[in-house]
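Subject: Structure for your review

Dear colleague,

Please find the structure below, with the sequence alongside. My notes on the ligand site, the domains and several individual residues follow.

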Amino acid sequence: MLSLDPRSAEAFEALLARTVGFVLLLVDERLRITRAGAGAAHLADRTAEELIGLSLIAAFGSAALDSVAREALGGDEPASGEAQLGALGRRHFTVDVVPIAAGNLVVALHEISTLRRVERVRRDFIANISHELRTPLASIKLLAETLSGGAAPDADTAATFAEQIGREVDHLAQLVDELLELSMIESGESKLAVETLDPDMVVATLAERIGPVAARRHIDVRVLPGAADAEAVRALADPARLGQALLNLAHNAVKYNRVEGEVRLGWQTLPGLVRFTVADDGIGIPDAHQSRIFERFYKVDRSRARGEADELLGGGSAGLGLAIVRHIAEAHGGSAGVESTEGIGSTFWVDVPRTA
Ligand SMILES: Nc1ncnc2c1ncn2[C@@H]1O[C@H](COP(=O)(O)OP(=O)(O)O)[C@@H](O)[C@H]1O
Ligand SMILES: [Mg+2]
């Protein structure tokens with residue numbers, strides 16, 4: 001049986017204090033804490049002195065932790081398990097309890113919250129992507145079955161079905177492109193080709209690209225006057241990436257606008273930054289959703305995001321557009337954000353560095 005006197009326990013705890021996510025405790029045969037370091041104190045939200053003499057369950061409020069300790073105590077053998085500890089039990093730990101001399105136990109906690117979070121993100125990602133793939137695939141299957149079925153449709157109907165299949169395929173292709181784009185920016189694989197850009201030119205190019213799409217929905221595009229000292233201001237950005245981010249914002253500004261609404265494109269200077277803005281008179285975004293819309297696959301209203309407007313805009317309602325915008329902004333060392341009032345409209349922005 002391993003033995004650990006208080007002094008070596010202290011040295012051990014000092015060592016562990018340097019190891020992130022590792023916590024060590026000593027408890028006696030009644031599961032009362034006899035030694036605890038800073039890690040344990042922090043986890044229990046008390047001082048290390050306050051912990052001494054408390055029972056495990058009183059200190060951490062976890063039945064799971066308590067029962068692993070009891071198992072080790074009763075069996076005289078090491079025992080392992082998992083427990084959720086910390087405020088609201090939000091942190092995940094593996095628990096290893098090793099009996100030492102005189103019925104005392106060493107309780108070692110190793111935090112695995114990050115691992116758990118990564119696992120959850122991956123599960124959500126697969127669930128989301130399956131959902132996004134299933135919808136167009138289901139309609140392609142249905143249309144193809146109808147086309148090849150016994151009661152052959154007339155030539156016009158067949159042509160319409162074929163067009164619909166084409167649109168769904170475009171939608172799938174765009175989804176795949178967006179996913180690749182996201183993973184490339186996230187992994188840092190695609191290097192930015194940063195150039196010195198005239199903000200007026202960036203906005204003018206954007207207006208040109210979004211113009212035809214907006215016109216088809218009877219939405220005006222207006223370019224706001226730039227900063228007064230425009231001569232001197234230059235953005236430092238990858239023109240293709242920045243253009244992609246702003247186009248995503250402009251697409252949304254058209255898609256979520258009201259009939260005969262307006263899209264306003266502009267820019268301004270901030271300390272060290274150029275802020276490009278895309279404003280609309282659309283449905284706006286409820287406060288509760290504003291912090292989440294930049295997440296992958298997040299949509300305020302799933303049914304509305306995939307409406308008739310998509311046909312004009314060519315797919316693109318997987319909820320990836322804003323995630324790409326944020327990643328592009330951050331890859332530049334900038335950021336992206338929104339200010340919005342429900343029923344009035346939204347202003348999205350992308351900040352990128354500028355020349356001194
Ligand atoms: N200009 C806007 N006005 C209102 N809501 C918007 C606007 N832009 C984005 N949103 C909301 O944010 C969500 C995420 O946007 P995005 O990532 O571009 O996905 P998508 O456009 O594919 O749905 C949209 O589904 C929509 O609910
Ligand atoms: Mg979008």
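A polar contact here is a pair of N or O atoms within 3.5 Å; within protein, one atom must be able to donate a hydrogen and the other to accept it, and residues adjacent in sequence count only if both atoms are side-chain atoms. An oxygen atom of ligand 1 lies 3.0 Å from a polar backbone atom of Gly319. Polar backbone atoms of two further residues also face ligand oxygen: Val300 at 3.1 Å and Leu322 at 2.8 Å. The protein buries 97% of the 530 Å² that ligand 1 exposes when taken alone (accessible areas come from the Shrake-Rupley method with a 1.4 Å probe, and for residues only the protein chains shown count as cover).

As to conventions, this is a predicted model, in which local features need pLDDT of at least 70 and side-chain atom pairs count only at pLDDT 80 or more, while totals for chains, interfaces and linings use all residues. Residues are numbered from 1 along each chain as its sequence is written, chains are lettered from A and ligands numbered from 1 in the order in which they are written, and side-chain values use heavy atoms, with hydrogens and water left out.

The ligand shell

Ligand 1 is surrounded by 21 residues, and the closest are Asn252, Tyr256, Asp280, Ser317 and Leu322 (a residue is near a molecule or strand if one of its heavy atoms lies within 4 Å of it). By class, this shell holds 11 nonpolar, seven polar and three charged residues (Ala, Val, Leu, Ile, Met, Phe, Trp, Tyr, Cys and Pro count as nonpolar, Asp, Glu, Lys and Arg as charged, and the others, Gly among them, as polar).

Helix H13

Helix H13 has Gly321, Leu322, Ala323, Ile324, Val325, Ile328 and Ala329 buried. Buried means under 20% relative accessible area, exposed over 50%, and partly exposed in between, with a 1.4 Å probe and protein chains only. Helices (H or I, at least four residues) and strands (E, at least two) are DSSP runs, numbered from the N terminus. The cover over the buried residues of H13 includes helix H7 (155-187), H9, strand E11 (335-341) and E12, where contact means heavy atoms within 4.5 Å. Just after H13, Gly333 has a positive phi of about 85 degrees.

Arg275 belongs to strand E10 (residues 273-280) and counts as buried at 18% relative accessibility. Its side chain makes a polar contact of 2.8 Å with the side chain of Asp351. Not counting residues up to four places away in sequence, Arg275 touches Gly266, Trp267, Gln268, Leu270, Trp349, Val350 and Asp351. Arg216, in helix H8 (residues 199-216), is exposed, because its relative accessibility is 52%.

The domain assignment, which is automatic or taken from a database, gives domain 1 (6-111), domain 2 (116-190) and domain 3 (191-356). Taken over C-alpha atoms, the centres of domain 1 and domain 2 are 50 Å apart. Asp28 sits in the loop between strand E1 (22-27) and strand E2 (33-36) and is buried, with a relative accessible area of 14%. The side chain of Asp28 reaches the backbone nitrogen of Arg30 at 2.9 Å. Leaving aside neighbours within four places in sequence, Asp28 is in contact with Thr34, Gly103 and Asn104.

With kind regards
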